[in-house]
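Please examine the sequence and the structure shown below.

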Amino acid sequence: MPDVGVVLTGGGARAAYQVGVLRAISDMFPAWSHPFRVIVGTSAGAINALALAGGGEIFRHSVSRLERLWGELESDHVYRSNSYEILRNMTGVARRLLAGGAGRAPLSLLNNGPLRELLEREIDFAAVRQAILEGKVSAVGVNACGYATGQNVCFFDGHDGLRSWSVGQRAGSRTELTLEHVMASSAIPTVFPPVLVNREYFGDGVTRQMAHLSPALRLGAERVMVIGVSANSMCPSRRPQKQDLPAFSQIIAHVFNGMFLDTLDYDIDRLRMINQLVDLIPPERLAEARMDLKPIKLLEISPSERVDEIAAQFMDGMPLVLRNLVGGSDGNSMTGGSLASYLLFDHRFSAALIKLGYKDAQAHARQIDRFFHA
């Protein structure tokens, strides 16, 4: 059977949706051990990826631990959420900007020290390494973006046949994965501080990531499941009859959406188009040209409901300072819901997304079965 890969995309708190999809797959195939031989994650998806790879022998048990983690997650497990701490960080950022950015401390609005402590407890990096050594997992990759070079790097560990790569602004670096790689991948720009890995500071892997599927393919996946966190493909945008002047939070939300959501849609469309073109080329012509090209089997599962609308229901779970910052107190909770969805680490929001992910995966049950077995 060809190596099956899974791509777990970034999206902050939205990544709880991925757990629901994985739960449904584990219920469909309860006896499976490691259904995904290649696991690649970005940002919060990197956390899910490492937890999945190092979760143990039985897939459904690994998913259960991941579901428990997200089910108990609150803001103060991810960042210091008291108002004084947040205001102090915001004031410090303002001072640094007025001073021209001078200073040695990392520049960020939030202190994600609690996330580091959480991941130290919850992710077994030794188990990830052992799963690779025993051949149960072929490769695990974590994407991050270098602030000095602007290069998007997939830090990966895998079987001996895999080699590092560098193509323009995309690279793969073979290494033994550590907490620093996951913290770097999930360091949302300006929100969380950058992380020093080797000689360069890195931030969130979605930054300048234009080829989300490429690392999984380079690591050997011959068919790829993508678990997204955007309803772009399922829920078309609604143009308002009349719009007020956009608020600052609404503009920033569009910037975040552009980083986390839109480029994935483009990459999926591009792969589907390449698959169609390869199908049109006779096999003998490919052999003559010595081109080892074949279609990549792809299955995308993304939210069937707008995540920002779900987030709007639970914005009271955000610290007041952040709720004001994202626009949740301006009388239009829908405006703030989009930006809040990335930072709304609230067990109710997580539960709603897990439930949605489970439902959406069940709706794709036939496609999932064909994906693994056809």
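Which residue in E6 is the bridge partner of serine 166? The partner is alanine 171. This is a predicted model, in which local features need pLDDT of at least 70 and side-chain atom pairs count only at pLDDT 80 or more, while totals for chains, interfaces and linings use all residues. Residues are numbered from 1 along each chain as its sequence is written, and side-chain values use heavy atoms, with hydrogens and water left out.

Strand E5 (residues 165-167) runs antiparallel to E6, and three bridges join them. Strands here are DSSP runs of E with at least two residues, helices are runs of H or I with at least four, and both are numbered from the N terminus; two strands pair if DSSP finds at least two bridges between them. E5 and E6 form a hairpin with two residues between them, and glycine 168 in the turn has a positive phi of about 60°.

Strand E6 (residues 170-174) also pairs with E4, in the parallel sense, over five bridges. Here alanine 171 in E6 stands opposite valine 153.

The loop between strand E3 (139-146) and strand E4 (152-158) holds tyrosine 147. Tyrosine 147 is partly exposed because its relative accessible area is 43%, and this class lies between buried (under 20%) and exposed (over 50%), with a 1.4 Å probe and protein chains only.

In the whole protein, the secondary structure comes to 15 helices and ten strands. Of its 374 residues, 53% are buried.
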